[in-house]
Amino acid sequence: MSELVVLGAEARRALAPTSGFIARAGFTHSLTPARNCTYGCTYCYVPTMRIYGGLKPEDWRRWGQFTTMKSNVAELLARGVREHQAIYCSPLVDPYQPAEEQARLMPGILKTLIGKPPRVFVLQARGPLILRDLSLLAELASRTVLRVSFSVTTNQEEVRRRYEPLCASIAERLAVVAALRGAGIAVHVTLAPLLPCDPEELAARAVEASRRDLVGDPLHTREVKRHGATTRDAAYRVAAAHGEEHWFAPEFQSELCERIRAAAWKLGVGFALGPEGFSVLSRPVSDP
Ligand code: SF4
């Protein structure tokens with residue numbers, strides 16, 4: 001793998017009021033500690049948002065090739081965080097992308113929130129680095145409703161390698177989910193976006209690791225979603241090279257989601273999609 005290019009810059013604000021998908025899921029604010037994400041997943045919808053995702057042209061042209069960490073994010077957060085907020089971190093990057101290892105912004109963010117807790121704080125991540133901050137996460141969980149939404153997109157390692165080659169393996173990600181659960185953190189597996197997989201096995205492995213409701217979202221397509229963020233072209237090229245274009249077809253995705261819902265139900269948990277699914281994460285009460 002080429003060396004990570006990690007830049008730093010002062011940001012003007014840490015928290016942004018939500019709109020669209022995340023607002024419909026019940027979050028009042030989003031928190032994004034960086035611009036650009038070096039996981040660079042082929043399907044990532046963020047670069048398709050361009051300036052509406054707070055990006056600069058070099059971000060969407062060279063998505064995943066570098067990242068710019070917001071060096072003053074904890075300071076800005078301390079000024080902007082309020083008790084009533086339900087914060088989603090982040091719709092635009094993985095807060096535990098590999099660059100966080102050297103940037104170390106998340107400990108400052110978590111300490112700020114421990115001192116001034118919002119109503120709900122949700123981390124959307126897939127980076128195993130999250131375990132570095134386990135003691136801070138446990139402390140924050142004692143001060144507010146903290147949930148981790150951990151992305152697992154398939155149960156098939158060869159598929160994972162094709163669509164998200166820089167991400168951790170499925171086995172490692174499920175082990176992280178189990179470790180978070182073992183430490184008493186409320187963690188949900190997020191099956192989003194749903195890549196080619198064996199839906200029943202994916203559901204079974206996700207529930208075994210998290211023992212909580214599953215959250216999901218199929219691959220977005222222009223056919224269904226006329227405007228806004230959508231799957232980037234690189235994923236279509238991977239699908240075409242492997243005869244997997246049908247995974248983007250809305251009818252196929254509906255059947256797939258029904259199979260996951262049925263499998264989850266048999267295992268005693270729920271499975272919901274889109275804003276309804278993500279609203280499980282913004283619930284104002286602590287999970288049992
Ligand atoms: S980890 Fe998330 S934000 Fe980062 S490139 Fe992949 S899909 Fe995009």
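Two strands pair if DSSP finds at least two bridges between them. Strands themselves are DSSP runs of E, at least two residues long, and helices are runs of H or I, at least four residues long; both are numbered from the N terminus. By that rule, S4 and strand S5 (residues 67-70) pair in the antiparallel sense over 2 bridges. In S5, Thr68 is the bridge partner of Arg35.

This is a predicted model: local features need pLDDT of at least 70, side-chain atom pairs count only at pLDDT 80 or more, and totals for chains, interfaces and linings use all residues. Residues are numbered from 1 along each chain as its sequence is written.

**The sheet**

S4 and S5 belong to an open sheet of 3 strands, in the order S1-S5-S4, with mixed pairing. Strands S1 and S4 stand at the edges, each with a single partner strand, so one side of each has no neighbour in the sheet.

| Edge strand | Residues |
|---|---|
| S1 | 6-9 |
| S4 | 34-35 |

**The whole chain**

The chain has 12 helices and 11 strands. Its C-alpha trace spans about 50 × 45 × 35 Å along the principal axes. Of the 288 residues, 48% count as buried, meaning that 20 or more other C-beta atoms, placed from the backbone, lie within 10 Å of the residue's own.

**The ligand**

Around the ligand stand Cys37, Tyr39, Gly40, Cys41, Cys44, Val46, Gly64, Val93, Asp94 and Arg126. A residue is near a molecule if its C-beta atom, placed from the backbone, lies within 6 Å of it.

Methods: Buried ≥ 20, exposed ≤ 12 C-beta atoms within 10 Å, placed from the backbone.
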